[in-house]
Amino acid sequence: MTTAGSHSTMQTSVMALETEHILQVYKRNPVVFERGRGCYLYDADGRAYLDLVSGVGVAALGHAHPRLAAAISEQALTLLHTSNLYFHPLQGELATRLSELSGLPRAFFCNSGTEAVEACLKFARRYWHAQQDTKRSGFVAFEHSFHGRTIGSLSITWDDHYRAPFAPLLADVQFVSPNDPDALFAAVNDSTAAVVLEPLQGEGGVRPFSRKMADAVTEACRRSGALLIADEIQCGLGRTGRPFYSPVLGLTPDLMAIGKALGAGVPIAAALFSDRVAKAAAFGDHGSTYGGNLLACRAALVFLEELIDRDLISHVASVGAHLERGLQAIKARRPIVRELRGAGLMWGLDLDRPALPVVQAALDLGLLVNRTSDTVVRLLPPFVITASEVDEACNLLDQAIAKTAEAQTK
Ligand SMILES: *Cc1c(COP(=O)(O)O)cnc(C)c1O
């Protein structure tokens with residue numbers, strides 16, 4: 001068996017080829033994955049890794065899920081893509097399911113989270129344009145937010161190191177601390193098109209919004225008339241054991257962005273709209289070539305059948321509580337863990353030091369976790385993870401943390 005430090009020539013040559021020809025924007029972990037099954041990934045040398053990243057919250061049904069695989073191969077033999085010039089049977093069906101789940105009656109389908117956020121930004125402005133209120137173009141976002149990498153979504157993403165190399169971004173964006181209701185009331189006014197937030201922030205370090213701040217958001221939107229955009233791309237669609245996290249905080253967004261888990265590995269995302277926002281849309285206002293094609297919709301329908309009809313969401317709630325107990329025990333044992341934050345199957349362990357060595361030690365032990373916001377070890381396991389896989393993961397993570405704590409106090 002090899003460890004993460006030693007690779008077969010096959011893994012080494014894959015890495016060398018990428019170094020030559022791939023735009024170097026990803027600092028990848030030194031491992032080449034070839035196949036998966038359930039919550040495990042296997043590298044090119046056949047070594048198994050327990051996957052608590054799930055492709056950054058995407059592979060919600062785990063890897064090589066038999067029903068998903070059967071449905072998408074059947075769909076590939078039937079029809080993959082027709083464009084949005086014509087009708088096909090699956091978009092309306094998927095939109096109906098999403099509307100039942102979210103309470104937002106209309107959907108626009110796209111291919112990635114950032115596009116879903118872009119659609120929300122555009123249709124928030126479109127709404128005010130339709131009211132002939134063209135000075136309402138501003139957005140109020142929050143510190144530690146992450147909304148994507150295209151120019152619009154990057155403009156409402158907080159972290160300066162993502163933003164600075166690409167300036168100038170959208171001009172009329174203001175960031176507010178998620179702990180400062182007064183700053184929020186000062187920022188949201190009659191030039192604000194929308195307030196935009198992740199009810200449970202992901203990339204920014206797994207930080208839940210407080211109920212108090214959520215109430216202030218609702219009040220600020222009510223006073224000023226500003227729309228509310230919820231980015232549920234990471235925390236939505238069952239990840240926390242609830243369909244969405246906004247209702248947990250008492251928030252009722254006018255627009256919502258979803259993605260990641262939606263296609264369980266097939267790229268699909270969506271923006272969801274309230275009636276009043278949807279009414280402002282006119283033919284030709286927006287579009288996507290791939291958006292909502294048959295393959296992507298089929299995958300999303302299978303995902304929702306598993307989540308809702310076959311009640312995977314109850315499993316997320318119970319196995320998530322089991323994971324929380326395991327992580328609490330780690331925190332109690334390991335003083336380098338300052339804080340544990342999250343819900344369901346979305347957790348961050350905030351350390352008193354950089355998290356990268358823990359991620360690397362875990363990889364050596366055959367456990368995949370990732371780092372976000374420098375000091376946070378983030379866990380986004382597949383929804384199908386079992387209680388015994390959770391125990392195995394907690395055991396490996398505890399070892400990785402112990403190793404890091406020792407290495408740095410020596
Ligand atoms: C991942 C993510 C995005 C961006 O999604 P992409 O599919 O990478 O474009 C936006 N918002 C949140 C909250 C996310 O977690």
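**A friendly note on this predicted model**

1. R126 is partly exposed, with a relative accessible area of 21%. Here buried means under 20% relative accessible area, exposed over 50%, and partly exposed in between (1.4 Å probe, protein chains only). Because this is a predicted model, local features need pLDDT of at least 70 and side-chain atom pairs count only at pLDDT 80 or more, while totals for chains, interfaces and linings use all residues. Residues are numbered from 1 along each chain as its sequence is written, and side-chain values use heavy atoms, leaving out hydrogens and water.

2. R126 forms a salt bridge with D285, and their closest N and O atoms are 2.6 Å apart. (A salt bridge is a side-chain nitrogen of Lys or Arg within 4 Å of a carboxyl oxygen of Asp or Glu.) This pair links distant parts of the chain, 159 residues apart: R126 sits in helix α5 (residues 113-130), and D285 in the loop between α10 (275-278) and α11. Helices (H or I, at least four residues) and strands (E, at least two) are DSSP runs, numbered from the N terminus. D285 counts as partly exposed, at 25% relative accessibility.

3. The whole structure has 21 salt bridges. In one of them, the side chains of R67 and E306 meet at 2.5 Å, N to O. R67 lies in helix α3 (residues 66-76) and E306 in helix α11 (residues 294-309), so the pair ties together parts that are 239 residues apart in sequence. R67 is partly exposed at 31% relative accessibility, whereas E306 is buried at 10%. A network of salt bridges links R67, E305, E306 and R310.

4. Now look at strand β5 (residues 138-142): 5 of its 5 residues are buried, so the strand is largely enclosed by the rest of the structure. G138, V140 and F142 point one way, and F139 and A141 the other. β5 pairs in the parallel sense with β7 (residues 192-197) over 3 bridges and with β6 (residues 173-176) over 4 bridges; two strands pair if DSSP finds at least two bridges between them. V140 has V195 of β7 as its bridge partner, and F139 has V173 of β6.

5. Finally, find the ligand. Among the residues around it are G113, F146 and D231, where a residue is near if one of its heavy atoms lies within 4 Å. A nitrogen atom of the ligand is 2.7 Å from an N or O atom in the side chain of D231. A backbone N or O atom of G113 lies 2.8 Å from a ligand oxygen atom.

Terms used: A polar contact is a pair of N or O atoms within 3.5 Å; within protein, one must be able to donate a hydrogen and the other to accept it, and residues adjacent in sequence count only if both atoms are side-chain atoms.
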